[in-house]
Amino acid sequence: MKPLAGLLMVIVGLFLAQGSVLPRTPQQANPALATMTVEFLDVGQGDATLIRSPEGKTALIDAGPPQDGFVALLKKRGVRQIDLLVTSHHHTDHIGNMAAVIEEFRPKVYLDSNSSHSTKKYQGVLRAVAAAGSRVISP
C-alpha cells in the first residue's frame, strides 16, 4: 500500500504545482495561505487528508469512515470547493464519507485507485461521481 500512497502524493503534488489535471481557469488565491498546507484530519479509525495550495486549489485524499459531520468539518475549515478528490483504495475507512463529499462539493476531478475491491459503499461513490459530472482519472 505504501507505493500507492507515494504515487498518489506525487500526483496530488503535480496537480497543485502545475494545475495540469484541471483545465486552466482563473482561481482566486487565498491570501491567508502563503504556502501549501496539508492537514491530516482526525476521523478516528481511517484516513482523510486535506491539501490546499496558495492558488486556492483544494484536494482531498480519502474521506474517512462513515460519520456524521464530516462535510461540516470540511466547511468549518473553510472548504468551499474541491478541485481533486482522491480515493487511495476502496475500504470503508477511507471512503465512508466520500459520496457525501461528492454530493456537497461536486469535485472537478476524481482520482480513483483502480482497485479491484468493490463494495456497496464504493458503488455508491461511483454513482455520486457520475451524478456530479466529475472527470474521472486513474493511475
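This dialogue reads a few features of a predicted model.

Q: In what order do the strands of the sheet lie?

A: Strands of a sheet pair through backbone hydrogen bonds, in parallel or antiparallel fashion. Here the sheet is open and has 6 strands in the order β1-β2-β3-β4-β5-β6, with mixed pairing. β1 (37-40) and β6 (135-137) are the edge strands; each has a single partner, so one side of each lacks a neighbour in the sheet. From one strand to the next, the twist averages 15°.

Q: Do β5 and β6 run parallel or antiparallel, and how many bridges join them?

A: β5 (residues 109-111) and β6 run parallel and are joined by 3 bridges.

Q: Which residues of α4 are buried, and where on the helix do they fall?

A: An α-helix has 3.6 residues a turn, so residues three or four places apart point the same way. In α4 the buried residues are Met98, Val101, Ile102 and Phe105. Viewed down the helix axis, the buried residues of α4 fall within an arc of 100°, so they line one face. They pack against β3 (58-61), α2 (70-76), β4 (84-86), α3 and α5 (120-132). Arg106 follows α4 and has a positive phi, near 45°.

Q: Is Asn97 buried or exposed, and what does it touch?

A: Buried means under 20% relative accessible area. Asn97, in the loop between α3 (92-95) and α4 (98-105), has 5% relative accessibility and therefore counts as buried. A polar atom of the Asn97 side chain lies 2.6 Å from the backbone oxygen of Pro65. Leaving aside residues up to four places away in sequence, Asn97 touches Ala63, Gly64, Pro65, Pro66, Gln67 and Phe70.

How values were computed
Residues numbered from 1 in each chain as written. Predicted model: local features only at pLDDT ≥ 70, side-chain atom pairs only at ≥ 80, totals over all residues. Heavy atoms only, no water. Pairing = 2+ DSSP bridges. Helix = DSSP H or I, 4+ residues; strand = E, 2+ residues; numbered from the N terminus. Axes fitted to C-alpha atoms, helices over the stretch in contact; angles between N-to-C directions. Buried < 20%, exposed > 50% of the residue type's maximum accessible area, 1.4 Å probe, protein only. Polar contact = N/O pair within 3.5 Å; in protein donor to acceptor, adjacent residues only side chain to side chain. Contact = heavy atoms within 4.5 Å. Arc of directions from axis to C-beta.
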